[in-house]
Structure formats: structure tokens, C-alpha cells
Amino acid sequence: MIKGIIFDIDGVILDSMGIWNDLGARYLLSIGKEPEEGLNTVLFSMSMEQGAEYLKKHYKIRKSTAAILEGIRQMLESFYFDEVLAKPGAKELMEFFKSRGIRMTVATSSPRMHVEKALSRNGIYSYIEALYTTSEIGVSKHSPDIFYKAAEYMTFDANEVVVFEDSLYALETAKKAGFKTVGVYDKEGETDQDGVKTTSDLYVLGLDEVITRWEELDK
């Protein structure tokens, strides 16, 4: 019997993956520079610090790397605080779980303040009992530590908890750690959807599907 949920946020609960894909381009346009085609592919595997250094050198930006990082940080903050919307069906899904006494937590790679503000503005933060970030835990989702921490908070074993993710690597981590998994499609997210399907106990194109197909998972 499923007793708890661990939600990823970006691409699962919030429709926020687009900002990560075009953040570099947004920043360049904000300072009057034209981004090259395919910039998001170039920046994808870089940290924010590495990306800022790349922008500085490649586009001959006269600002310091620290100033570029601060500009990017402010753009992200504005997006999460004021723009990003919940994905369709997010609130209805949380209400569905609440009505069944299923507890909900969050495991995210995004900054705590960004996520808390966005969830609150969209009217869904009250459903979440605890929120954990990879920066606070100290390791990425290549390690199951953040999932174990959320399950421990709920006092449930891994096999009693479902992890919702849109990224293949995070789904693989959760699956290997003994959690049940729901893979959520996001048009701006994971390119290997076949891998997501294979790794998921339940694969959905939208959150509304989870409600109608819940019995497939909760056997």
C-alpha cells in the first residue's frame, strides 16, 4: 500500500523547464546581445558558474563573472516568484492524495526559496509536509540520499513511497533505491522518453492520468 509521495518540482509540478533551457539566451537578450542558435545545448552540461564564464568569454561581456551570475540569479528569482505556473492537474492530484491520507513531500534540485514562493503563489504549498533540496542535502539525485531523507521524515519504507520525476537519471536512482516510480513527460525535459518509460512503474503524459490510473500502481 502506498503511503507517501515524493515530488520532483521542475517539469513535474511546475511548468518551469523552459526557463532552464533558455536562461542563457534570456540573459544575453536582457543586456542587448544576440544569442547563438543552440546555446542551450552548449550550456546544458555546465554548472551556472561555468555557464557564466562561457557567456563572459564567448560574448565578450565586460561584466565580471560574479555580476553575470547575479544577473542570472535575479532572472531566475523573478521567474519563480512572479511567472511560473503549476502544471495542469497538479492541484487536483494533490487533493486526490490528500483525500486518501497519502502524505506528500518534495525533493528538488532548485533553490528552496524559489520553490516555496512558486508553490505558494500557485496555491499548492499547503499540501506539502516537508521540502528537501539537493544543495541542502549536499549531493545530487545521482545519490538516493534526498529520497531517503524525505521517506524518513514520513517514517515510511522506500517500497511504501512513490517518487515522481521527469528526468531519467533521477528515476533510475529512485528505482534502484527501492522506491516506486512515476515518470512524468515534459515537452521541455528529458529527451530519452523510452528510458523514462522503462524505468517507471507508471508513465504518464499528464498529471491527470495519475488519478485515472492510480490503481495500476497502488496494488
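Student: Is Thr-155 buried or exposed?
Tutor: Thr-155 is exposed, with a relative accessible area of 64%. Buried means under 20% relative accessible area, exposed over 50%, and partly exposed in between, with a 1.4 Å probe and protein chains only.

Student: What kind of model is this?
Tutor: This is a predicted model, in which local features need pLDDT of at least 70, side-chain atom pairs count only at pLDDT 80 or more, and totals for chains, interfaces and linings use all residues. Residues are numbered from 1 along each chain as its sequence is written, and side-chain values use heavy atoms, with hydrogens and water left out.

Student: Back to Thr-155. Where is it found?
Tutor: Thr-155 lies in the loop between helix H8 (145-154) and strand S4 (161-165). Helices (H or I, at least four residues) and strands (E, at least two) are DSSP runs, numbered from the N terminus.

Student: What is the phi of Thr-155?
Tutor: Thr-155 is not a glycine, yet its phi is positive, at about 60°. Most residues other than glycine have a negative phi.

Student: And what about Lys-60: what is its phi?
Tutor: The phi of Lys-60 is near 50°, a positive value in a residue other than glycine. Lys-60 sits in the loop between helix H3 (48-58) and H4, and at 67% relative accessibility it counts as exposed.

Student: Let us turn to helix packing. How do H1 and H4 pack?
Tutor: Helix H1 (residues 17-30) and helix H4 (residues 65-83) pack at an angle of about 120°, with their axes 10 Å apart. Axes are lines fitted to C-alpha atoms, for helices over the stretch in contact, and angles run from 0 to 180 degrees between N-to-C directions. H1 and H4 are therefore oblique to each other; angles under 35 degrees count as roughly parallel, over 145 as roughly antiparallel, 65 to 115 as roughly perpendicular and the rest as oblique.

Student: Which residues of H1 meet H4?
Tutor: Among them are Trp-20, Leu-23 and Tyr-27 in H1, and the residues they face in H4 include Ile-68, Ile-72 and Phe-79. Contact means heavy atoms within 4.5 Å. By class, this contact of H1 with H4 has 11 nonpolar, 2 polar and 2 charged residues. Ala, Val, Leu, Ile, Met, Phe, Trp, Tyr, Cys and Pro count as nonpolar, Asp, Glu, Lys and Arg as charged, and the others, Gly among them, as polar.

Student: How do the axes of H3 and H4 cross?
Tutor: The axes of H3 and H4 come within 9 Å and cross at roughly 115°. The residues of that contact divide into 7 nonpolar, 1 polar and 3 charged.

Student: New topic: how many aromatic pairs are there?
Tutor: The structure holds 9 aromatic pairs. Rings of Phe, Tyr and Trp (its six-membered ring) pair if their centres lie within 6.5 Å; planes under 30 degrees apart count as stacked, over 60 as edge-to-face and the rest as tilted. One of the pairs is Phe-7 with Phe-164, which is tilted, at 5.0 Å centre to centre and 55° between the planes.

Student: Where in the chain do Phe-7 and Phe-164 lie?
Tutor: Phe-7 is in strand S1 (residues 4-7) and Phe-164 is in strand S4, 157 residues apart, and the pair links distant parts of the chain. Phe-7 is buried at 0% relative accessibility, and Phe-164 is buried, with a relative accessible area of 0%.

Student: Which residues do ring pairs link into a cluster?
Tutor: The cluster consists of Phe-7, Phe-96, Phe-97, Phe-164 and Trp-214.
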